[in-house]
Amino acid sequence: MGALVIRKLLLWMPFLFGIGFIAPLTAQTMDYWNISAPFGLSSLVFGLILGGAWGLYANIKGRWV
Amino acid sequence: MDRPIDDLTREETHDDLPLGGEAGLIEGGVESGAADRSAFEWRKAPELDRHVRIRLRKDEREIAARWMADPKQMRIYTVVTLGCFAFWVALFPLCMMDIVPLWFGFAFSTFIAAVGYVPSHEAMHHNIGRLGTKYHFWNEAVGQVATLILIFPFSMARLMHMHHHYHCNHPENDPDYTDGADNWWKAWIKTWLNRQPGADGSIHHYKRCLERIGTPEAHIALRDTMLLQLGSMFFMFALCWSGYAFEAAFLFWLPRHLGLSYIRYWLSWAPHHPRDGLDRYTNTRVFRTWVGHWMSLGMQYHIVHHLYPGIPNHATKYAYYEMKPILEARGVDCTPL
């Protein structure tokens with residue numbers, strides 16, 4: 001059971017990576033360089049949209065680019 | 001001695017040498033016909049008279065015996081590896097508190113990610129401490145920590161590396177066969193492509209190999225890999241969401257990718273290109289590179305390692321020059337060095 005849960009998590013790892021890594025990295029990079037997000041979004045929300053979408057793309061297509 | 005002095009190839013296990021030691025770790029049996037099914041002609045070492053072969057092998061073994069790993073001399077590997085690992089772990093709080101600049105942490109982490117495979121590799125072959133000796137604990141300790149930055153558990157690394165030795169260049173059974181590429185720049189690109197989520201290369205290919213092997217050791221390696229991958233990812237996620245995304249990126253994520261590409265290129269593609277030989281004298285090539293001995297991690301002399309894995313990496317150069325006349329007699333192209 002435990003192994004199955006881990007396997008499922010790993011299967012969704014690109015998406016989780018988008019949310020867990022790319023999103024906060026994007027937000028902190030924007031804050032560091034004083035770049036504001038479009039449409040009045042906060043940098044974290046923008047990071048979540050970018051990271052989530054990119055991770056989902058990687059999950060579906062099997063590659064990041 | 002706890003294992004045969006030299007590496008065993010498929011042909012020899014059917015010939016005059018027993019299967020044992022390290023080879024016992026590996027999936028047994030030989031699948032016939034890889035060479036027969038291949039679309040191209042496999043390079044073969046020249047046929048020699050049996051008496052000549054025996055004499056050459058005897059001379060070869062005498063030279064190899066002089067360069068085998070001495071556990072006392074190998075202690076430096078243990079000290080440096082454990083020291084570097086401890087410093088890498090310490091870099092996280094040191095960089096978070098701005099005691100050490102992040103650029104330095106990034107440079108150091110990238111260095112140990114690229115070079116850390118070398119001591120791990122020695123540990124895979126028990127060169128730091130043989131089984132049953134007091135040094136064996138340190139051998140395993142070095143193996144366990146050296147490639148953590150690569151998210152590459154020792155159990156998987158050892159099993160896959162033994163498999164690579166036993167099935168070197170075999171299209172289906174050599175776990176590193178997917179590193180093959182036509183030229184150097186394609187090889188660099190492939191190191192990255194092979195790590196894509198849907199690719200069948202790198203660690204994805206290793207997982208498939210382990211599932212196919214199906215031994216208890218393979219199941220342990222698969223379990224370790226899953227746990228390490230998951231643990232590492234959540235460690236990075238926790239750092240990022242705590243406001244330390246730069247530290248996660250420059251001390252772990254980016255060094256790992258740079259290190260993996262460097263290792264894949266220099267330790268897999270460069271010494272085995274073009275992967276057109278299956279026997280012990282043709283499965284590895286001797287080559288010269290402008291980056292030199294240290295930057296190529298001593299891989300120019302990788303043939304010595306495949307012949308005698310008990311010779312540590314730093315000694316393969318010296319063993320090679322002593323063995324050179326024998327290797328030439330065996331048909332190895334030694335002209336580059």
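B:Ala157 sits in helix α8 of chain B, which covers residues 154–166. Bear in mind that this is a predicted model. With a relative accessibility of 1%, B:Ala157 falls under the 20% cut-off, so it counts as buried. Skip the neighbours within four places in sequence, and the contacts of B:Ala157 are B:Met124 and B:Phe152. Along the chain, B:Gln144 is 13 residues away from B:Ala157, and their C-alpha atoms are separated by 9.7 Å.

Now for a residue with another setting. B:Glu211 belongs to helix α10 of chain B, residues 202–213. Its relative accessibility is 43%, which lies between the 20% and 50% cut-offs, so B:Glu211 is classed as partly exposed. Leaving out residues up to four places away in sequence, B:Glu211 touches B:Leu222 and also reaches a residue of chain A, A:Arg7. As for B:Val332, it is 121 residues from B:Glu211 in sequence, with 35 Å between the two C-alpha atoms.

Here are the two residues side by side:

| Residue | Helix of chain B | Relative accessibility |
|---|---|---|
| B:Ala157 | α8 (residues 154–166) | 1% |
| B:Glu211 | α10 (residues 202–213) | 43% |

What about the nonpolar packing? The largest nonpolar core has 71 residues, and the members that touch the most others are A:Phe21, B:Phe152, B:Met156 and B:Leu210. Helix α12 of chain B (residues 245–272) supplies the largest share of this core, 13 residues. B:Phe152 is also one of the contacts of B:Ala157.

Zooming out, chain B has 15 helices and zero strands. Of its 337 residues, 55% count as buried. Take the chain B contacts with a separation of 6 or more: 71% of them link residues 24 or more positions apart. The accessible surface of chain B is about 14,900 Å², and carbon and sulfur atoms account for 63% of that.

On the annotation side, an unreviewed UniProt entry lists "domain: Fatty acid desaturase" for residues 100–332 of chain B. Over that stretch the chain is 63% helix and 0% strand, and its end C-alpha atoms lie 49 Å apart.

Technical notes: Residues numbered from 1 in each chain as written. Chains lettered and ligands numbered in written order. Predicted model: local features only at pLDDT ≥ 70, side-chain atom pairs only at ≥ 80, totals over all residues. Heavy atoms only, no water. UniProt positions renumbered as here; feature names shortened; annotations may be inferred. Helix = DSSP H or I, 4+ residues; strand = E, 2+ residues; numbered from the N terminus. Buried < 20%, exposed > 50% of the residue type's maximum accessible area, 1.4 Å probe, protein only. Contact = heavy atoms within 4.5 Å. Areas by Shrake-Rupley, 256 points an atom, 1.4 Å probe, with all protein chains shown as cover. Core = buried A, V, L, I, M, F, W, Y, C linked by side-chain atoms within 4.5 Å.
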